[in-house]
Amino acid sequence: MLDNNSFELTKRAMDIMNILWDAGKPLAASDFLAYDSTLTLHTVHSYLKKLLKNNLIEVDKIIMSGKNLTRCYKPSLNRTEFQTRKFFNTLDYKHVSAANLVASFFEYGNDDVRELQELNELEQMIKERKQNLKDKSEQ
């Protein structure tokens, strides 16, 4: 279970998450060193433990590395899901409606082509969500 504090990460913890997202595959602690030369194995282990505790990463598999068993980690959320949840954790839902929030994103845009594309995507998402809710209520 993710709580609101799970999304407040230090720069170093975000570095670890970004490496996992960018790698696109599960990584062992020692793999992180190839992605960022400023990391130490001790630092990586420390942050992996914290991220695991906060359910932001999970153990994907355990492999043999030499004679030792080694955990390989993957993110529990993709980058977009993480950023979206982090953003929504900062909102005061009592005073902001979803409709007003979405409208505000388009109010200040200056790329009409992109805005039209995003509105079309949003329209499709709304149709799918309505259908899911309708199907759910009929069960």
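The conversation below concerns this predicted model.

Q: How do helix α1 and helix α4 pack, in terms of angle and axis distance?
A: Helix α1 (residues 11-23) and helix α4 (residues 79-89) meet at an angle of about 145°. Their axes are 10 Å apart.

Q: Which residues make that contact?
A: On the α1 side they are M14, N18, W21 and D22, and α4 contributes R79, F82 and Q83.

Q: How do the residues of the contact divide into nonpolar, polar and charged?
A: The contact of α1 with α4 has 3 nonpolar, 2 polar and 2 charged residues.

Q: How many aromatic pairs does a search of the whole structure find?
A: The search finds 1 aromatic pair. It is formed by W21 and F82, with ring centres 5.5 Å apart. Their planes lie at 55°, so the pair is tilted.

Q: What does the pair tie together?
A: W21 belongs to helix α1 and F82 to helix α4, so the pair links parts that are 61 residues apart in sequence.

Q: Are W21 and F82 buried or exposed?
A: Both W21 and F82 are buried.

Q: On to the largest nonpolar core: which residues touch the most other members?
A: This core has 23 residues, and those touching the most other members are L9, I16, F32, L48, L51, L56 and F82.

Q: Which elements give two or more residues to this core?
A: They are α1 and α3 (41-53). Helix α1 gives the most, with 8 residues.

Q: Changing topic, where is D36 found?
A: D36 sits in the loop between α2 (32-35) and α3.

Q: Is D36 buried or exposed?
A: D36 has a relative accessible area of 17%. The cut-off for buried is under 20%, so D36 counts as buried.

Q: What does its side chain make a polar contact with?
A: The side chain of D36 makes a polar contact with the side chain of T38, at 2.5 Å. Leaving aside residues up to four places away in sequence, D36 touches R12 and I19.

Q: Finally, what is the phi of N55?
A: N55 has a positive phi of about 60°, although it is not a glycine. As background, most residues other than glycine have a negative phi.

Q: Where is the place of N55, and what is its relative accessible area?
A: N55 lies in the loop between α3 and β2 (57-65). With a relative accessible area of 33%, N55 is partly exposed.

Conventions
Residues are numbered from 1 along each chain as its sequence is written. This is a predicted model: local features need pLDDT of at least 70, side-chain atom pairs count only at pLDDT 80 or more; totals for chains, interfaces and linings use all residues. Side-chain values use heavy atoms; hydrogens and water are left out. Axes are lines fitted to C-alpha atoms, for helices over the stretch in contact, and angles run from 0 to 180 degrees between N-to-C directions. Helices (H or I, at least four residues) and strands (E, at least two) are DSSP runs, numbered from the N terminus. Contact means heavy atoms within 4.5 Å. Ala, Val, Leu, Ile, Met, Phe, Trp, Tyr, Cys and Pro count as nonpolar, Asp, Glu, Lys and Arg as charged, and the others, Gly among them, as polar. A nonpolar core is a set of buried Ala, Val, Leu, Ile, Met, Phe, Trp, Tyr and Cys residues joined through side-chain atoms within 4.5 Å. Buried means under 20% relative accessible area, exposed over 50%, partly exposed in between (1.4 Å probe, protein chains only). A polar contact is a pair of N or O atoms within 3.5 Å; within protein, one must be able to donate a hydrogen and the other to accept it, and residues adjacent in sequence count only if both atoms are side-chain atoms. Rings of Phe, Tyr and Trp (its six-membered ring) pair if their centres lie within 6.5 Å; planes under 30 degrees apart count as stacked, over 60 as edge-to-face and the rest as tilted.
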